[in-house]
Amino acid sequence: MEIQSINLSQIKMELLHPFTTSVGTEYDKSFIVVEVLGKSGLSGWGESVSIIEPIYNEETVGTNWHIMSEFLIPMLLKASIKHPDQVSELFTPIRRNYNAKAAIECAIWDLYAKEKNISLAKALGGVKDKIEVGVSVGIQKSAEAMVEQIASYINEGYKRIKVKIKPEWDVHILKLIRKHFPEIQLMADANCAYTLADIPHLQKLDEFDLTMIEQPLASDDIIDHAKLQEKLKTSICLDESIHTSEDARKAIELGSCKIINLKLGRVGGLTETKKIHDLCEAHGIPVWCGGMLEGGIGRAHNIAITSLSNFTIPGDTAPSSHYWKQDIIFPEVVMVDGYIKVPDAPGIGFEPNHDYIEQLTLKQKTFSLN
Ligand SMILES: O=C(O)CCC(=O)c1ccccc1C(=O)O
Ligand SMILES: [Mg+2]
């Protein structure tokens, strides 16, 4: 693979509906789109999932721009890359900054698949031609609004409902949801809102037959999660705590979780995601694809990775129309009967809408060796 140039665009998109979790509310999303132009004339695309504030992890759009332009892109332009697996290896001397690394690494994977004239899903070893879709429901103004929202999502066909919880927005909400929807596949995501002092309280969630509780404790913890898992019937799923396959190995060894949420940005890209996927598969730990309110390019990468065999639980991969009035790709991602088709066109299988991306651009820079 030979790289001609790399283009970064910081864009801003309005969310159709605000999204509230235990840590804050998102009204719009500003993020970086990466285009890697190959000497082949083909382009690979990636998207960084970081937002403006460092509230889910330590990265932001600003730190991503800095790390990409000062470190990752110069390294990449000087390197000779034959296979995308080499990119994460190349970036190893740069500590953490997983979202920044992933955006570039995913673009290289897309370019690689396009140059091979195969779909990204196929390049990654995917085995499914369609994926099951779940939806993440933010904290609402009232419990009644929550029930209405869920009813409309079930109507749209979503196969799994995830609700965001926090202390004071948990037991009564889940009780009400179960009263209305006794049969749905239901889970809860706490985004680190509890501590071990909450064990008796969290045990009350066991009666709701949740598929899992996601990241109940601190974002950097795997020890206390193991202690909590011993006291809960409900499976714990880790999100924020897992950045590498080594993290996953340790969490599995300790019994800190029974399920892992995989986000390409959080673990530095597709190669590491595959590694964690394979490790989990070998240990009987199911995985699913988390979402970070992605635009169409990030969403396309999520769809491709979800085609792998151990993604056995529906992910947070809702279609474009769930988030945006207009997405940045053609065609937009659509869901039919709770499924999204895995594209078989080369690479991510969706065409970035160049004009629209340009309209949304706040800041742009092109990098090349000469
Ligand atoms: O993209 C989606 O639909 C789900 C979004 C989501 O749950 C989320 C969004 C931003 C930050 C963290 C999380 C999370 O999964 O914890
Ligand atoms: Mg989560």
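I will start with the four-stranded sheet. It is open, its strands run in the order S3-S2-S1-S15, and the pairing is antiparallel. The edges are strand S3, residues 43-47, and strand S15, residues 361-367, each of which pairs on one side only. From one strand to the next, the twist averages 20°.

Now the pairs inside that sheet. S1 and S2 run antiparallel and are joined by 14 bridges. They form a hairpin, with two residues between them. If you want a place to look, find Ile3, whose bridge partner in S2 is Gly38. On to S15: six bridges join S1 to S15, again antiparallel. Here Gln10 has Lys363 in S15 as its bridge partner. Strand S2, residues 24-38, is also joined to S3, by five bridges, and these two strands run antiparallel.

H3 touches S2 and S3, and its direction makes about 150° with that of S3. H1 lies across strand S1, residues 3-21, as well as S2 and S15, and runs at about 155° to S1.

These two helices also pack against each other. In general, two packed helices are described by the angle between their axes and the distance between the axes. For helix H1, residues 61-78, and helix H3, residues 98-116, the angle is about 50° and the axes are 10 Å apart. That angle makes H1 oblique to H3. H1 passes H3 in a right-handed crossing. Which residues meet there? From H1 we have Asn64, Ile67, Met68, Leu72 and Leu76, and from H3 we have Asn99, Ala100, Lys101, Ala103 and Ile104. By class, this contact of H1 with H3 has seven nonpolar residues, two polar and one charged.

Next, the seven-stranded sheet. This one is also open, with the order S5-S6-S7-S8-S9-S10-S11 and parallel pairing. Strand S5, residues 134-137, and strand S11, residues 287-289, are the edge strands, and each pairs on one side only. As an example of a pair, strand S6, residues 160-164, and strand S7, residues 186-189, run parallel and are joined by four bridges. Lys164 has Asp189 in S7 as its bridge partner. Please keep Asp189 in mind, as it comes back with the ligand.

Helix H10, residues 270-282, lies across strand S10, residues 259-262, and S11, running at about 165° to S10. H10 has a helix partner too. The axes of helix H9, residues 245-254, and H10 come within 9 Å and cross at roughly 20°. With that angle, H9 counts as roughly parallel to H10. The crossing of H9 past H10 is right-handed. On the H9 side the contact is made by Ser245, Ala248 and Arg249, and on the H10 side by Glu272, Lys275, Ile276, Leu279 and Cys280. Sorted by class, the contact of H9 with H10 has four nonpolar residues, one polar and three charged.

One more helix pair. Helix H5, residues 143-156, and helix H6, residues 171-180, have axes that come within 10 Å and cross at roughly 40°. That makes H5 oblique to H6. How do the residues of this contact divide by class? The contact of H5 with H6 has seven nonpolar residues, two polar and no charged. H5 contributes Ala143, Met146, Val147 and Ile150, while H6 contributes His172, Ile173, Leu176, Ile177 and His180. The crossing of H5 and H6 is right-handed.

To recap, the model is predicted, with an antiparallel sheet of four strands and a parallel sheet of seven. H1 and H3 pack at about 50°, H5 and H6 cross at roughly 40°, and H9 and H10 cross at roughly 20°. That is what I have.

Technical notes. Residues numbered from 1 in each chain as written. Chains lettered and ligands numbered in written order. Predicted model: local features only at pLDDT ≥ 70, side-chain atom pairs only at ≥ 80, totals over all residues. Near = placed C-beta within 6 Å. Pairing = 2+ DSSP bridges. Contact = placed C-beta atoms within 7 Å. Axes fitted to C-alpha atoms, helices over the stretch in contact; angles between N-to-C directions. Parallel < 35°, antiparallel > 145°, perpendicular 65-115°, else oblique. Left-handed = near helix turned anticlockwise from the far one by under 90°. Nonpolar A, V, L, I, M, F, W, Y, C, P; charged D, E, K, R; others polar.
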